[in-house]
Protein chains: 6
Amino acid sequence: MSGARTNRRQEAMALLERLEPEAPGRVADNLDDFHPQALETLLGFAFADVVSREGIDLKTREMLTVAMLGAMGNAPGQLEFHLRAAMNTGVTREEIVEIVLQIAVYAGIPAAMNAMSAAKAAFRAREGA
Amino acid sequence: MSGARTNRRQEAMALLERLEPEAPGRVADNLDDFHPQALETLLGFAFADVVSREGIDLKTREMLTVAMLGAMGNAPGQLEFHLRAAMNTGVTREEIVEIVLQIAVYAGIPAAMNAMSAAKAAFRAREGA
Amino acid sequence: MSGARTNRRQEAMALLERLEPEAPGRVADNLDDFHPQALETLLGFAFADVVSREGIDLKTREMLTVAMLGAMGNAPGQLEFHLRAAMNTGVTREEIVEIVLQIAVYAGIPAAMNAMSAAKAAFRAREGA
Amino acid sequence: MSGARTNRRQEAMALLERLEPEAPGRVADNLDDFHPQALETLLGFAFADVVSREGIDLKTREMLTVAMLGAMGNAPGQLEFHLRAAMNTGVTREEIVEIVLQIAVYAGIPAAMNAMSAAKAAFRAREGA
Amino acid sequence: MSGARTNRRQEAMALLERLEPEAPGRVADNLDDFHPQALETLLGFAFADVVSREGIDLKTREMLTVAMLGAMGNAPGQLEFHLRAAMNTGVTREEIVEIVLQIAVYAGIPAAMNAMSAAKAAFRAREGA
Amino acid sequence: MSGARTNRRQEAMALLERLEPEAPGRVADNLDDFHPQALETLLGFAFADVVSREGIDLKTREMLTVAMLGAMGNAPGQLEFHLRAAMNTGVTREEIVEIVLQIAVYAGIPAAMNAMSAAKAAFRAREGA
């Protein structure tokens with residue numbers, strides 16, 4: 001089974017690199033330092049089992065993720081990461097503005113204001129890159 | 001100003017009809033019975049001001065809405081409505097399956113199981129139509 | 001200490017009766033059947049320790065409770081109870097309409113639609129009384 | 001229609017000024033920098049369409065907003081803003097203490113502890129003004 | 001890789017059977033009817049990858065699950081399932097009462113009241129079994 | 001009644017000291033500075049009325065609290081406090097890793113990633129103590 005398991009970690013890392021080229025090393029250090037199986041268990045599920053599936057293209061998946069994280073409001077750091085990842089996979093600033101406005105409809109104005117702040121930080125990070 | 005206001009109600013109703021052709025009459029009765037301005041205030045914002053905007057096509061917007069409602073889990077009836085609306089605007093069953101799996105990543109397995117039940121109900125409603 | 005404890009249960013029941021005259025018996029049966037101390041622990045805190053405090057009148061407190069339950073969306077049955085209680089403590093239907101609209105601003109349109117449905121059920125219950 | 005639209009932005013700004021006299025310029029810059037229609041779409045709905053309505057006075061509306069934001073816990077910065085706005089519209093410190101305690105009943109002790117910290121920050125900001 | 005994959009489904013079903021002996025068939029039908037990989041993706045993660053891990057015994061894990069589902073309040077049906085599963089893995093009624101009271105502390109009285117109702121339904125189901 | 005009341009404050013402080021020996025003074029100052037009855041009302045309920053009850057040992061209660069706060073995601077500071085308290089009452093690092101993974105199942109990967117960061121901060125605080 002270790003063959004399948006090694007693949008799952010590698011698949012997760014490969015997807016993460018598509019989201020943000022600099023992310024894999026940093027994220028792997030962060031998770032491996034917590035528990036040797038944390039990366040495969042959490043990101044293997046997230047990225048190898050689900051987000052890398054066909055059926056919806058990666059750009060649209062990142063739009064969905066930004067909308068969900070903005071609506072739930074429980075993970076500001078990860079919202080900002082996925083806003084950068086959204087742009088890395090082809091989502092335009094205009095589309096991000098639209099997602100922020102749509103968050104207001106389904107989760108309220110404060111959630112949208114927080115998402116707007118995260119979007120502006122992601123825009124600045126991209127300009128600074 | 002009443003001209004602009006009338007337009008806003010009409011724009012909301014027009015968008016709602018695109019989501020589900022049978023919906024406008026039922027929804028208008030429901031809201032008008034509560035307060036004469038409830039429809040324009042709530043759906044004018046949701047549908048005339050935001051969801052009918054350009055920048056993201058309606059099909060993708062419904063995918064975002066399904067993802068947000070599934071992740072938040074606070075409005076099962078509206079999740080089922082927007083699953084039907086998603087199919088009415090071109091979202092396929094395969095794409096709905098993918099959204100449900102992605103909800104599991106960002107909001108947990110129970111949220112995804114609830115979204116799966118709502119999706120199956122929407123699938124049945126469409127077959128019965 | 002049992003004197004103070006008995007008072008706390010009685011204070012909670014007295015406040016509950018102000019919210020809905022028929023409620024104390026039903027609610028006490030429901031909680032006592034679960035655990036002999038459930039009522040005092042839960043409603044002693046809610047009603048004797050907090051809601052019966054001075055500083056904000058009971059009518060305004062019920063407005064706050066309706067707004068919070070509507071915004072959180074996690075307790076539809078209790079939202080409907082507190083909508084009836086709000087009317088029993090002097091909140092008007094017009095004020096309830098305003099609270100529902102304000103829920104839309106801070107928690108989104110679906111939360112407000114659910115609160116509207118609960119409000120309409122509470123209006124009907126009052127008419128049927 | 002642009003006349004009605006201009007009014008809606010102005011109405012939102014006028015309400016915002018009643019909440020905090022220094023806010024309109026800062027908030028307008030923040031939203032206009034994101035998208036030219038963000039202010040009207042988001043704050044036009046929040047403040048022109050809903051919060052400036054009659055039926056509930058502004059002081060009571062700010063009490064409702066503080067209760068909702070404290071219970072949801074998803075927007076600490078905006079909770080602190082509305083605590084200052086609450087005091088600006090006549091809510092007393094004693095009333096804010098009562099709202100914090102009531103948040104504990106409906107959303108739990110941690111939500112109330114966070115609201116207490118935000119309230120203390122708002123109290124200090126007022127003293128420093 | 002299909003060997004590892006088959007094991008993952010089987011491991012998930014084996015854990016589910018420990019939670020409720022009647023559950024595997026019903027749950028498998030429900031998920032397989034949605035998508036052939038839904039069961040392995042969702043329950044493979046939940047039960048094979050996480051809940052069947054050593055480090056915390058299954059009884060304590062079910063207590064944690066009941067507490068989380070009660071606090072979040074977004075999945076009443078699954079809360080009731082896990083209350084039955086908790087009893088099947090050795091959690092006593094007295095312990096369930098304590099968890100319900102602790103939910104009140106961290107998520108508020110309405111969340112605890114909902115958990116109490118779910119607990120009473122699970123108690124009745126067990127008596128009827 | 002003041003005898004019972006004094007006891008309740010003392011009982012809350014005694015429980016808090018078991019969670020973190022340095023906490024009582026700091027927490028008492030924080031709450032007393034807000035309102036003279038805040039400590040007894042909030043922590044009297046949390047710690048004297050509920051968490052100090054028999055029926056579940058304190059170590060398991062802290063595991064439940066960490067799971068709930070991690071799943072809800074609304075109180076990062078208190079999650080970190082209860083992670084330290086969990087270790088002070090006998091929860092091992094291995095058990096905390098397991099709780100974090102289980103949070104991922106029931107509340108999603110972002111909630112688990114936040115809980116992991118809080119756990120790592122609590123681990124560092126313990127090493128630095």
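Predicted model: local features only at pLDDT ≥ 70, side-chain atom pairs only at ≥ 80, totals over all residues.
Residues are numbered from 1 along each chain as its sequence is written, chains are lettered from A and ligands numbered from 1 in the order in which they are written, and side-chain values use heavy atoms, with hydrogens and water left out.

**Chain A: fold and dimensions**

- Chain A holds seven helices and zero strands, where helices (H or I, at least four residues) and strands (E, at least two) are DSSP runs numbered from the N terminus.
- Read from the N terminus, its elements follow the order α-α-α-α-α-α-α.
- The C-alpha trace of chain A spans about 45 × 30 × 25 Å along its principal axes.

- Of the 129 residues in chain A, 66% count as buried (buried means under 20% relative accessible area, exposed over 50%, partly exposed in between, with a 1.4 Å probe and protein chains only).
- Among the contacts in chain A with a separation of 6 or more, 63% come from residues 24 or more positions apart; contact means heavy atoms within 4.5 Å.
- Carbon and sulfur atoms hold 48% of the accessible surface of chain A, which comes to about 4500 Å² (Shrake-Rupley method, 1.4 Å probe; for residues, only the protein chains shown count as cover).
- Chain A carries 13 positive and 17 negative side chains, and the centres of the two sets lie 2 Å apart.
- For that count, Lys and Arg are positive and Asp and Glu negative, with His and the chain ends not counted; each charge is placed at NZ of Lys, CZ of Arg, CG of Asp or CD of Glu.

**Where chains meet**

- The size of an interface is often given as the accessible area lost when the parts come together.
- Buried area here is the accessible area (1.4 Å probe) that two parts lose on being put together, summed over both.
- Chains A and B bury about 2800 Å² between them, 72% of it on carbon and sulfur atoms.
- Met68(A), Gln102(A) and Tyr106(A) supply 26% of the area that chain A buries against chain B, more than any other three residues.
- Chain A brings 32 residues to this contact and chain B brings 32 residues.
- Chains D and F bury about 1400 Å² between them, with 72% on carbon and sulfur atoms.
- On the chain D side, Ile109(D), Met116(D) and Lys120(D) provide 36% of the area buried against chain F, more than any other three residues.

**Three residues to look at**

- Leu16(F) sits in helix H1 (residues 2-19) of chain F and counts as buried because its relative accessibility is 2%.
- Beyond its neighbours within four places in sequence, Leu16(F) is in contact with Ala23(F), Pro24(F), Val27(F), Leu43(F), Phe47(F) and Phe81(F).
- Lys120(B), in helix H7 (residues 109-128) of chain B, is buried at 11% relative accessibility.
- Not counting residues up to four places away in sequence, Lys120(B) touches Asn30(E), Asp33(E) and Phe34(E).
- Ala107(D) belongs to helix H6 (residues 93-107) of chain D and is buried, with a relative accessible area of 7%.
- With residues up to four places away in sequence left out, Ala107(D) touches Met72(C), Ala71(D), Tyr106(E), Ala107(E) and Gly108(E).
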